[in-house]
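User: I'm new to this one and would like to go through it piece by piece. Could you show me the structure before I start asking?

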Amino acid sequence: MSTDNIGLQAEEVARIKRLCKESGQLYILNENEPQGEEFAHFIFAGTHKGKEVVFDSVLYTLRLHHMSVLYESAEDKACEKYPEYNRIDLEEEDDLNKHLSEAKLEEIELFKAEIMDELEETEEIKVQEYVNLDPDFDYGIALEACLNVEEITPQTIARFVKAFTNNTLELDKTLYSFKHEEE
């Protein structure tokens, strides 16, 4: 763990603890990151390998994670079928549009939607609850977790933080598949 990572320094841990205490919560929302009904970005103080640290966290619903895995699988299949479609270029939409016609992009998007429908129908994609930690993060320890809940509420976050910090968090190892409604 890097010593120049402010989220690993005692002063920052104390500051986060103070902010949590002032808010009356076990965590504070990370206002610099997006929030939603099925995900939340938040910060809390806890212990990692015997040392107090700040956890820069994101918590998702299992349903949202399932949708993400479905989409990634469809992207992989689109890259296989359409070699000119390179997911790396997606970050630079202008570059992608230069390489592919609008008709080709529509064809690829339709293909991806069909793949997602097929994967969903066959329940080929299954997901389970998890917690991933990344100690090589720029602020504290990155924590990504996914729980089988309908939505991420303040109560859900508080229960998660309490269980995580008390080492009582029990993850459901059951594999789940979801049917997603079209928006």
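User: Is alanine 14 buried, exposed or partly exposed?

Analyst: Keep in mind that this is a predicted model. Alanine 14 sits in helix H1. Buried would need a value under 20% and exposed one over 50%. Its relative accessibility is 43%, so alanine 14 counts as partly exposed.

User: How far apart are the C-alpha atoms of alanine 14 and valine 54?

Analyst: Along the chain, these two are 40 residues apart.

User: What span should helix H1 have, and what distance lies between its end C-alpha atoms?

Analyst: H1 covers residues 10–23, which makes 14 residues. The expected span is 1.5 Å times one less than the number of residues. That gives 20 Å for H1, and the distance between its end C-alpha atoms agrees, at 20 Å.

User: Which residues of H1 are buried, and where do they lie around the axis?

Analyst: The buried ones in H1 are Glu12, Val13, Ile16 and Cys20. They take up an arc of only 105 degrees around the axis, so they lie on the same side of H1. As a rule, an α-helix has 3.6 residues a turn, so residues three or four places apart point the same way.

User: How are helices H2 and H4 oriented to each other?

Analyst: H2 (residues 62–81) packs with H4 at an angle of about 130 degrees, and their axes are 9 Å apart. The contact involves several residues on each helix, among them Met67, Leu70 and Tyr71 of H2 and Ile108, Phe111 and Ile115 of H4. H2 passes H4 in a right-handed crossing. Angles over 145 degrees would count as roughly antiparallel and 65 to 115 as roughly perpendicular, so H2 and H4 are oblique to each other.

User: Is glutamate 123 buried, exposed or partly exposed?

Analyst: Glutamate 123 belongs to the loop between helix H4 (102–122) and strand E4 (130–134). Its phi is near 55 degrees, a positive value in a residue other than glycine. With 35% relative accessibility, glutamate 123 counts as partly exposed.

User: And asparagine 167: buried or exposed?

Analyst: Asparagine 167 is found in the segment after helix H5 (154–165). Its phi is also positive, near 55 degrees. Its relative accessibility is 71%, so asparagine 167 counts as exposed.

Definitions and conventions. Residues are numbered from 1 along each chain as its sequence is written. This is a predicted model: local features need pLDDT of at least 70, side-chain atom pairs count only at pLDDT 80 or more; totals for chains, interfaces and linings use all residues. Side-chain values use heavy atoms; hydrogens and water are left out. Helices (H or I, at least four residues) and strands (E, at least two) are DSSP runs, numbered from the N terminus. Buried means under 20% relative accessible area, exposed over 50%, partly exposed in between (1.4 Å probe, protein chains only). The arc is that of the directions from the helix axis to the C-beta atoms. Axes are lines fitted to C-alpha atoms, for helices over the stretch in contact, and angles run from 0 to 180 degrees between N-to-C directions. Angles under 35 degrees count as roughly parallel, over 145 as roughly antiparallel, 65 to 115 as roughly perpendicular and the rest as oblique. A crossing is left-handed if the near helix is turned anticlockwise from the far one by less than a right angle, and right-handed if clockwise. Contact means heavy atoms within 4.5 Å.
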